[in-house]
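The following note sets out points on the packing, the aromatic contacts and the charged pairs of the structure shown below.

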Amino acid sequence: AELKFIPVMRVLAAFRRAASDEAFNWRHAQVLFAAASAGLVLSPPARCYFEQKEDGTVDRLKKWSTVSWSLPPGREPGFHLSKVNPLLENHFKRLVGDTKPAQDGKRGPPILVPLCGKTVDMIFFAEQGYSVVGIEGVKRALVEFRRDQRSKVIGFSQGRVFGKDSEGKWKTCTDFQPASSFEGPRPGYVFKTGPSGLGYYSDTPRLWSGLLTSSYGHQPIHVLEGDYFTVTKEMVAGFADIPDGEVEMAFDRGSLVAVPPSARDEYVKILQSLIKEGGRILAVTVEYDDAKEVGPPFNVPLKEIKRLYPSHSWKVELLETLDADLPVRNPKFRGLVVKEHAVLITKKVGVTGGSTEPDSSWRAGSSNAGSSTTVAAAVAGVGVLAGVVAWMMRPRN
């Protein structure tokens, strides 16, 4: 963690003035001063990845669309791989397990790819006989996926608005809220005159779909363009035509490591809800000394994976560790030793008692316990120092 020392002389003066009051309780003041000093002296680094909007909502996508994907034509984001991820190729059989690919030309079992971008791993899955369910927040990523894969993916259509119908079921339809005049912005809606008249028409999320033809027949690739943190099983059931909205397999590469640590538990909670009992997640994470907090990608060591997926409900297995080329591809990581882990996470069957959600009793702080311990020690030290100063300032008869 980063410590910033802020002058506290004004606080000292205020305490001194207050001490002249006969009703002033000096013992309480010492406690208050210690707490106030600890709060003033320690200031966490200002690292904002989500934007709080004036209407009270949170924009989680702006940074990715305006920074990570705001590149000149022909340039790729640093996290994009032009080939299939090597760790996926090495451990694909462990991910699919006993789940067979498409049979007799039918649709193959779905593989979920959260925060998919335009990864070619989706092409790999479809070529192996599995259908693909992606979730992505940046439109440019999907436009470029359609352009790059037009020879392989047929009819990857422009995103169609995806919303709830009059019965509350998710499908490709536009929700309309009539209004005689503009009443301010509404998240996910645009104000215009449309088929239903003047008012607010839903604009997100959107559904992109196409087919890849291989020896296994036509395999669909469905991608939901929208905020991952709003996704539910009902939405997945609607846009991917999966009855219960749950999948047996998910590939998490460049997803968990991209989410700000403060939102990590929420990210995992959503992913967990979309996995069937006995289902598997193949996660590719990075580990490094994050004292400089250079992410994303953020440091996600194996102990953090085990916290996020507690052992009473999940089995976490380290499959392989490689020296990552991140220091070569990303200047922010130069001089750091970065390891890349392939981790298989399996949802246990018939678990009773205990939650499948992340264990929040211990949190990895910025991503490791060391930085949390450092902060705790610093706070304690500041408190002791403040108490000594307060004692020295006590009135003397």
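1. Buried residues have under 20% relative accessible area, exposed ones over 50%, and partly exposed ones lie in between (1.4 Å probe, protein chains only). Helices (H or I, at least four residues) and strands (E, at least two) are DSSP runs, numbered from the N terminus. The model is predicted: local features need pLDDT of at least 70, side-chain atom pairs count only at pLDDT 80 or more, and totals for chains, interfaces and linings use all residues. Residues are numbered from 1 along each chain as its sequence is written, and side-chain values use heavy atoms, with hydrogens and water left out.

2. Helix 4 has Leu 87, Leu 88, His 91, Phe 92, Leu 95 and Val 96 buried. Their cover, by contact (heavy atoms within 4.5 Å), includes helix 5 and strands 3 (110-114), 14, 15, 16 (314-323) and 17. At the start of helix 4, a side-chain oxygen of Asn 85 comes within 2.9 Å of the backbone nitrogen of Leu 87. Gly 97, which follows the helix, has a positive phi near 55°.

3. In helix 7 the buried residues are Met 235, Val 236, Ala 237, Phe 239 and Ala 240. Strand 4, strand 8 (170-171), strand 12 (206-214) and strand 13 (217-225) are among the elements that cover them. Asp 241 follows helix 7 and has a positive phi, near 55°.

4. A nonpolar core is a set of buried Ala, Val, Leu, Ile, Met, Phe, Trp, Tyr and Cys residues joined through side-chain atoms within 4.5 Å. The largest has 43 residues, of which Leu 271 and Tyr 309 touch the most other members. Two or more residues each come from strand 4 (131-136), helix 7 (233-240), strand 14 (247-253), helix 8 (264-273), strand 15 (275-287), helix 9 (302-308) and strand 17 (339-347). Beyond its neighbours within four places in sequence, Tyr 309 contacts Val 268, Leu 271, Gln 272, Ile 281, Trp 314, Val 316 and Ile 345. Another core, of 30 residues, lies apart and includes Leu 95, Tyr 130, Phe 145 and Leu 212.

5. Rings of Phe, Tyr and Trp (its six-membered ring) pair if their centres lie within 6.5 Å; planes under 30 degrees apart count as stacked, over 60 as edge-to-face and the rest as tilted. There are 17 aromatic pairs by this rule. Phe 92 and Phe 124 are edge-to-face, because their ring centres are 5.1 Å apart and their planes stand at 75°. Since Phe 92 is in helix 4 (residues 86-96) and Phe 124 in helix 5 (residues 121-127), the pair ties together parts 32 residues apart in sequence. Phe 92 is buried at 10% relative accessible area, and Phe 124 is buried at 11%. One aromatic cluster is formed by Phe 92, Phe 124, Phe 125, Tyr 130 and Phe 251.

6. The structure contains 14 salt bridges (a side-chain nitrogen of Lys or Arg within 4 Å of a carboxyl oxygen of Asp or Glu). In one of them, the closest N and O atoms of Glu 246 and Lys 233 are 3.1 Å apart. Glu 246 is in the loop between helix 7 and strand 14 and Lys 233 is in helix 7, so this pair joins parts 13 residues apart in sequence.

7. Lys 339 and Asp 323 form a salt bridge at 2.4 Å, N to O. This pair links distant parts of the chain, strand 17 with Lys 339 and strand 16 with Asp 323, 16 residues apart. Lys 339 is partly exposed at 31% relative accessible area, whereas Asp 323 is exposed at 59%. A network of salt bridges links Lys 118, Arg 140, Glu 144, Arg 147 and Asp 148.

Key:
A polar contact is a pair of N or O atoms within 3.5 Å; within protein, one must be able to donate a hydrogen and the other to accept it, and residues adjacent in sequence count only if both atoms are side-chain atoms.
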